[in-house]
Amino acid sequence: SKIKWDLGFNLSRFKNKIIKVPNTQFTTGFAGATILTANGQAANQFYGYTANGIFATNAEAAGAGLMKKNTDGSYSMFTGGDVRFVDLNGDKIIDENDRGVIGNPNPTFTGGITNRVTWNRFEINALITFSQGNDIYNYLRYRLESGSGYENQLLSVNNRWRNDGQVTNTPKAAFGDPMGNSRFSNRWIEDGSYLRLRSISLQYFIPFKKGMVNNATIYVTGNNLITLTKYKGYDPEFSAGSGVYAQGIDTGMEPIFKSITLGVRIGL
């Protein structure tokens, strides 16, 4: 018999806007992140600093002239191995006035593709889902790449800045993070877009003459076998909770697991 292919496609556009809040905007803290709610903008955007590489040398840092204000009112200059944060207001002081929108956990669109292919007594069903345009705050990397505490660190920290002139994308290790290199910035924001083979199954319908057994089917089903994404964490579908401010925040929950099931269905 001929091959028959049924194909389905759905696409959802997602867009939201804050109409009005007191004082035009406010921020909310969640797991080290700062989340912005502002008139005329999308809800729960990530609000933080923009990192533009690492100072390779002390001379380079001195030339930039950037500094951080300490709690006692004094100032500390950024040096080699520190993060080169963007000075948005041009005052040479990296502080909360240099924060901006660095990510949006809301996807531009989501969707799915369904497939059903039949041939003789065989049938294949597959579901593919996808999300595009959403950002993720990788909280695990924030904790495990900070190089500032007692926690175990990721292997990527081996690439940290260690000597004058070294070119790297990972700042130096400094206990207590005195210069705020691990502060909430776009270093921890990643593209959460993905394409996932949610499920696929192959069935074979065994022919039977009418009797005690009317029909039987052998099948094998796989779930979450393939996920294509640039996200470095375990799962691009993570959110720390169901609340608005928890969206797009990966605090290290159990990822969706892969599974394969082999079975037989018998109809009496």
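A charge is counted as sitting over a ring if NZ of Lys or CZ of Arg is within 6 Å of the ring centre and within 35 degrees of the ring normal. In the predicted model described here, Arg183 lies over the face of Phe85, at 4.7 Å from the ring centre. A second case involves Arg265, which lies over the face of Tyr219 at 4.6 Å from the ring centre.

Aromatic rings were also examined against one another. A pair of aromatic rings is described by the distance of the centres and the angle of the planes. Across the whole structure, the search finds 14 aromatic pairs. One of them joins Phe78 and Phe85, with 6.3 Å from centre to centre and 70° between the planes, an edge-to-face arrangement. Phe78 has a relative accessible area of 2% and is therefore buried, the limit being under 20%. Phe85 also counts as buried, because its relative accessibility is 2%.

Another pair is formed by Tyr150 and Phe175. The ring centres of Tyr150 and Phe175 are 5.2 Å apart and the planes stand at 65°, so this pair is edge-to-face, for which the angle must be over 60 degrees. Both Tyr150 and Phe175 lie in the loop between α2 (139-144) and β13 (189-191), so the pair ties together parts that are 25 residues apart in sequence. Tyr150 is exposed, as is Phe175.

The largest pocket has a volume of about 380 Å³. It is lined by 16 residues, of which Arg141, Glu145, Leu154, Ser156 and Lys232 are the closest to its centre. Two or more lining residues are given by each of β5 (51-54) and α2. The largest share belongs to α2, which provides three residues. By class, the lining of the largest pocket comprises five nonpolar, seven polar and four charged residues.

The second largest pocket has a volume of about 230 Å³. Its lining also consists of 16 residues, and those closest to the centre are Pro105, Pro107, Asn134, Ser239 and Gln247. The lining of the second largest pocket divides into seven nonpolar, seven polar and two charged residues.

Technical notes:
Residues numbered from 1 in each chain as written. Predicted model: local features only at pLDDT ≥ 70, side-chain atom pairs only at ≥ 80, totals over all residues. Heavy atoms only, no water. Phe/Tyr/Trp six-rings, centres within 6.5 Å; stacked < 30°, edge-to-face > 60°. Buried < 20%, exposed > 50% of the residue type's maximum accessible area, 1.4 Å probe, protein only. Helix = DSSP H or I, 4+ residues; strand = E, 2+ residues; numbered from the N terminus. 1 Å grid on protein atoms, 1.4 Å probe; cavity = no way out; pocket = protein on both sides within 12 Å on 5 of 7 lines; lining within 4 Å. Points joined across faces, edges and corners; volume = space filled by probe spheres on them. Nonpolar A, V, L, I, M, F, W, Y, C, P; charged D, E, K, R; others polar.
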